[in-house]
Amino acid sequence: MRIMITGGCGFIGSAVVRHVIGTTGHTVVNIDAMTHAATRASTADAASNPRYRHIQADITDGAAMRAVFAAHQPEAVLHLAAEDQTDPTIDAPGACVATNVLGTFTLLEAARDYWNDLDMADRMLFRFHHVSTDAVFGPQRPGAPPFTQATPYAPRSPYSASKAASDHLVRAWQHTYGLPTFVTTSTHNYGFWHFPEKLIPLMTLNAIAGRPLPVYGDDNTLRDWLFVDDHAEALVLAMERGQPGETYAIGARQPRTTLQVARAICTLMDELRPDPAGPHARLIRSVANQPAHDCRSAIDPSHAEAALGWRPRHDFETGLRRTVQWYLEHRAWWTALQAGQGSTHTTEAAA
């Protein structure tokens with residue numbers, strides 16, 4: 001299968017690239033604009049493979065997207081490129097709207113033009129796979145059942161609202177034009193090549209440096225944590241087996257509060273890199289919550305598991321150990337990022 005991946009140098013996208021090139025016979029053309037959250041290092045192992053090609057382009061550029069379709073004739077699109085939820089997107093939400101809404105619209109139109117020109121057999125095989133987030137479902141009340149593929153949308157931040165809008169566009173293009181699209185949503189990912197502004201790398205790198213580990217004051221934040229390599233495997237299976245019009249909710253059934261995550265990282269750091277100043281748990285600090293922060297989220301992945309024949313391979317303890325060990329072994333990568341971004345990225349709270 002010839003797969004066009006958008007955002008393939010990002011955190012989840014690069015995991016998909018590594019999985020495809022390392023474990024399948026599919027080919028990949030990776031479209032990535034190389035914004036601050038992208039790094040070529042994450043796909044370096046694939047770069048020399050003849051089944052891989054990276055094109056630096058913006059998904060909001062319709063002419064560039066049509067040129068990619070014409071030149072590479074993809075049989076499937078895996079759309080991951082998005083502006084993620086960070087403090088800058090709360091302060092300047094236009095980036096979310098531009099990339100997540102207008103970018104998805106532009107990509108859908110380029111895909112539709114290309115798909116309309118295919119012969120009937122290729123039209124039947126083509127898939128447009130849009131990757132979304134559980135943030136579109138909004139807050140989950142304590143004691144409420146986990147989200148599913150049928151949960152109504154209730155976004156509360158610029159990021160989640162823009163992702164919800166893009167989901168609706170993808171479904172509308174299937175119902176209105178017949179473009180064979182489907183959507184996957186997932187819980188919070190963690191793993192290798194995750195940027196330092198996110199919770200688990202933030203906590204890990206702060207622990208390494210002996211800086212405070214920020215935890216929201218009431219510790220009411222409960223997330224279902226999914227190891228990124230497991231998510232990548234699920235996304236590729238969805239490309240191979242997903243049906244137009246479907247939604248697949250992907251999760252790991254591994255809920256942890258932020259405090260539990262912080263303590264688990266501290267325990268691993270005490271074992272793997274002891275601090276002469278004392279146990280790392282001494283660094284945990286209470287901080288104020290961020291605006292539009294959804295405190296609880298968990299997904300019931302039963303439908304996706306049955307439809308795709310997928311189960312996560314990592315429990316949280318195994319995945320976290322691999323992740324912390326990876327950051328300890330890849331200091332050159334994240335120290336270079338910190339030098340370029342400034343120290344605030346390792347001292348702020350993250351979700």
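1. Let's start with the aromatic cluster. Ring pairs join Tyr190, Phe192, Trp193, Phe195, Trp225, Phe227, Phe316, Trp326, Tyr327 and Trp333 into a cluster. Rings of Phe, Tyr and Trp (its six-membered ring) pair if their centres lie within 6.5 Å; planes under 30 degrees apart are stacked, over 60 edge-to-face, and the rest tilted. The structure holds 17 aromatic pairs.

2. A word on what you are looking at. This is a predicted model, where local features need pLDDT of at least 70 and side-chain atom pairs count only at pLDDT 80 or more, while totals for chains, interfaces and linings use all residues. Residues are numbered from 1 along each chain as its sequence is written, and side-chain values use heavy atoms, leaving out hydrogens and water.

3. Now look at one pair in detail. The ring centres of Trp193 and Trp326 are 4.8 Å apart and the planes are at 65°, so this pair is edge-to-face. Trp193 lies in the loop between β7 (188–190) and α8 (199–209), and Trp326 in helix α12 (residues 316–329), so the pair links distant parts of the chain, 133 residues apart. Helices (H or I, at least four residues) and strands (E, at least two) are DSSP runs, numbered from the N terminus.

4. Trp326 also pairs with Tyr327: their centres are 4.9 Å apart and their planes at 80°, so this is edge-to-face. Are these two residues buried or exposed? Trp326 is buried, with a relative accessible area of 8%, and Tyr327 is buried at 0%. Buried means under 20% relative accessible area, exposed over 50%, and partly exposed in between (1.4 Å probe, protein chains only).

5. On to the largest nonpolar core. Such a core is a set of buried Ala, Val, Leu, Ile, Met, Phe, Trp, Tyr and Cys residues joined through side-chain atoms within 4.5 Å. Of its 34 residues, Ile5, Val16 and Leu78 touch the most other members. At least two residues each come from β1 (2–6), α1 (11–23), β4 (76–79), α9 (228–241), β10 (247–250) and α11 (302–308). Helix α9 gives the most, with 8 residues. A second, separate core of 31 residues includes Leu205, Val261, Leu328 and Trp333.

6. Finally, two charges over rings. The charged end of Arg112 sits over the ring of Tyr177, 3.8 Å from its centre, and that of Arg123 over the ring of Trp115, 3.9 Å from its centre. The test is NZ of Lys or CZ of Arg within 6 Å of the ring centre and within 35 degrees of the ring normal.
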